[in-house]
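Please examine the model shown below, with attention to its helices and its charged side chains.

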Amino acid sequence: MEKNKKKLPIGVEDFKKIQTEGFYYTDKTGLILELLEDWGEVNLFTRPRRFGKSLNMSMLKYFFDPQTDPAVFDGLKIAKETALCEAYMGKFPVISVSLKGIDAGSYETARAMAVRMVNEEASRRQYLLESGKLTPYDKQRFAGLLESDMDDAALFESLRELSRLLKIHYGKRVVVLIDEYDVPLAKAFAQGYYEQMIVLIRSLFHQTLKTNESLQMAVLTGCMRISKESIFTGLNNLRVLTVADVRFDEYFGFTDDEVRQLLAYFGLSEHYGAVREWYDGYQFGSVGVYCPWDVVNYCSALRADREAQPENYWSNTSSNDVVKRFIQSADAGTTKQEIERLVGGGTIQKEIHQELTYQDMYRSIDNLWSVLFTAGYLTQRGKRDKKAFTLAIPNMEIREIFTDQIMALFKEDVQNHKETVDALCTALQEGDAPEVEKRFSEFLKRTISIRDTFVKKRLKENFYHGILLGILSCHHAWTVASNREAGDGYSDILLLMEDEERGVLIEVKYAQDRDLEAGCREALEQIERNRYGEVLEDEGVRHILKYGIACYKKRCKVVLADPGK
């Protein structure tokens with residue numbers, strides 16, 4: 001690892017820490033300029049998780065807060081805007097809260113966590129107890145914000161009350177920052193207390209954002225655009241800026257130039273192609289962006305090991321349950337074909353409804369399309385036509401999430417078709433290639449296949465390999481090995497029968513040119529050329545059956561090698 005290089009900010013969401021403790025920072029301070037010039041009193045930014053929302057909120061907090069040292073912005077784009085900095089930097093008290101931590105199994109616990117959030121934000125302002133500008137009554141009101149036994153009225157009014165007291169003390173209206181506003185709603189929906197949480201969030205926001213004379217400006221962030229009727233009732237000053245909006249489009253996520261600069265700084269430019277293939281592909285507004293979380297994590301891995309392969313970092317931060325629900329809800333007709341087109345790198349057109357409630361999100365397949373788009377599992381291509389979007393899977397990482405879920409559901413389906421599994425395995429053991437072909441084809445027709453664009457031949461082979469392996473793994477009487485070192489390479493699938501006198505070798509090929517016969521021949525030649533059978537011979541297996549299997553979409557061909565070979 002190179003010396004004297006800045007640190008990669010993995011999981012660091014505090015702007016000041018990044019600027020003062022030697023972390024690499026991709027300058028997004030242009031957001032401040034655009035936010036002030038393109039004015040909106042209450043601004044809601046919706047972006048997928050891990051696209052820099054919290055870091056940008058931290059940046060805004062330090063810019064406006066009177067207690068911030070202006071030096072933390074030295075050398076950044078916003079520092080060049082001298083007139084704007086003179087008018088706004090350090091000139092407004094800031095209330096900054098994150099609702100990310102309100103994650104509980106019951107409403108009572110979630111409410112207590114919301115109270116604690118208010119307590120902690122108020123405790124940073126205990127100097128108000130000594131303020132000469134506050135009356136004894138005001139100080140008593142402030143003391144109430146430090147109490148853990150607030151009633152509902154006090155909780156709902158808490159942020160408005162804190163902003164009123166800060167305005168009195170500073171003589172300036174307050175900037176309110178609310179990060180991850182929708183997390184408590186998602187958790188409440190999952191745990192069964194959604195209606196209670198809606199009341200809490202709606203009342204808190206109404207008091208803070210609508211009836212608040214002390215408000216200068218508010219910025220909220222979240223993943224989903226929750227229906228206005230649900231929590232923003234009557235809030236006429238709300239401006240919603242989604243992934244489909246051109247305004248502010250380059251400030252969440254890394255642009256291509258920013259990724260190139262980061263890779264060049266750490267001496268990793270030769271890995272640009274892999275980074276782009278795996279982590280690029282999102283379109284926010286009219287700008288193409290990468291997922292910052294992925295790029296930074298992969299760069300960290302490469303600094304430790306130049307041979308490190310791209311991984312699915314984004315999916316490890318979520319259950320990806322929405323993809324599973326979506327695939328489970330897909331019918332055998334149009335939706336299944338649309339998924340196949342997307343997984344293969346194609347596009348589809350859908351009407352997207354970005355404003356939903358959590359109760360609506362999973363009620364129909366149409367709404368699930370909207371959730372996938374909003375959450376970052378799908379992205380737009382080109383310009384939208386009113387509500388109609390051209391949708392695509394952004395990159396290899398997200399495609400892998402889809403294929404993993406497809407494979408997991410396929411394995412569940414296999415468990416429900418034991419007779420077909422047994423018939424296929426019996427045919428394999430007896431050298432009945434036509435029967436193996438028939439049974440394997442039955443499974444292929446039921447699963448979602450991979451089409452020809454976007455995906456490399458080797459990855460297609462891996463997909464069919466995985467399907468076959470999922471079937472064979474259900475036959476518990478066999479020892480099943482995958483990609484096991486054998487001879488001069490790694491065999492696709494190796495089976496050892498219970499009596500240990502009979503074994504099976506399978507090599508799977510994808511017939512890119514649709515020539516299934518040629519694919520089977522290529523597979524069998526590879527088995528012989530690389531001497532895959534030696535590993536079974538070394539274990540005393542006397543009868544080895546060698547199969548070449550070629551696949552193309554939902555078709556397959558199975559050929560058994562001449563026993564004399």
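The questions and answers that follow concern a predicted model.

Q: At roughly what angle do the axes of helix H12 and helix H13 cross?
A: Helix H12 covers residues 272-279 and helix H13 covers residues 292-304. H12 passes H13 in a right-handed crossing. Their axes come within 10 Å, and the crossing angle is roughly 145°.

Q: How many of the residues in the contact of H12 with H13 are charged?
A: On the H12 side the contact involves Ala274, Val275 and Tyr279, which meet Asp294, Val295 and Tyr298 in H13. The residues of this contact comprise five nonpolar and no polar, and the number charged is one.

Q: What distance does helix H3 reach from its first C-alpha to its last?
A: Helix H3 spans residues 53-64 and has 12 residues. At 1.5 Å a residue, 16 Å is expected, and the model comes close to this with a reach of 17 Å.

Q: Is helix H3 largely enclosed or open, and how many of its residues are buried?
A: A residue is counted as buried when its relative accessible area is under 20%. Among the buried residues of H3 are Leu55, Met57, Phe63 and Phe64, and also Lys53 and Lys61. The cover over them includes helix H1, helix H2, helix H4 and strands E2, E3 and E4. H3 is largely enclosed by the rest of the structure, because the number of its residues that are buried is 12 of the 12.

Q: How many residues apart in sequence are the parts that the pair Asp103 and Lys187 ties together?
A: The side chains of Asp103 and Lys187 meet in a salt bridge at 3.7 Å, N to O. Asp103 lies in the loop between E2 and helix H5, whereas Lys187 lies in helix H8, so the pair ties together parts whose separation in sequence is 84 residues.

Q: Is Lys187 buried, partly exposed or exposed?
A: The partly exposed class lies between the buried limit of 20% and the exposed limit of 50% relative accessible area. Asp103, at 42%, belongs to that class. With a relative accessible area of 32%, Lys187 is likewise partly exposed.

Q: Does the residue Arg125, which meets Glu121 in a salt bridge, count as buried or exposed?
A: The side chains of Glu121 and Arg125 meet at 3.6 Å, N to O. Glu121 has 6% relative accessibility and counts as buried. At 2% relative accessibility, Arg125 also counts as buried.

Technical notes:
Residues numbered from 1 in each chain as written. Predicted model: local features only at pLDDT ≥ 70, side-chain atom pairs only at ≥ 80, totals over all residues. Heavy atoms only, no water. Axes fitted to C-alpha atoms, helices over the stretch in contact; angles between N-to-C directions. Helix = DSSP H or I, 4+ residues; strand = E, 2+ residues; numbered from the N terminus. Left-handed = near helix turned anticlockwise from the far one by under 90°. Contact = heavy atoms within 4.5 Å. Nonpolar A, V, L, I, M, F, W, Y, C, P; charged D, E, K, R; others polar. Expected span 1.5 Å × (residues − 1). Buried < 20%, exposed > 50% of the residue type's maximum accessible area, 1.4 Å probe, protein only. Salt bridge = Lys/Arg side-chain N within 4 Å of Asp/Glu carboxyl O.
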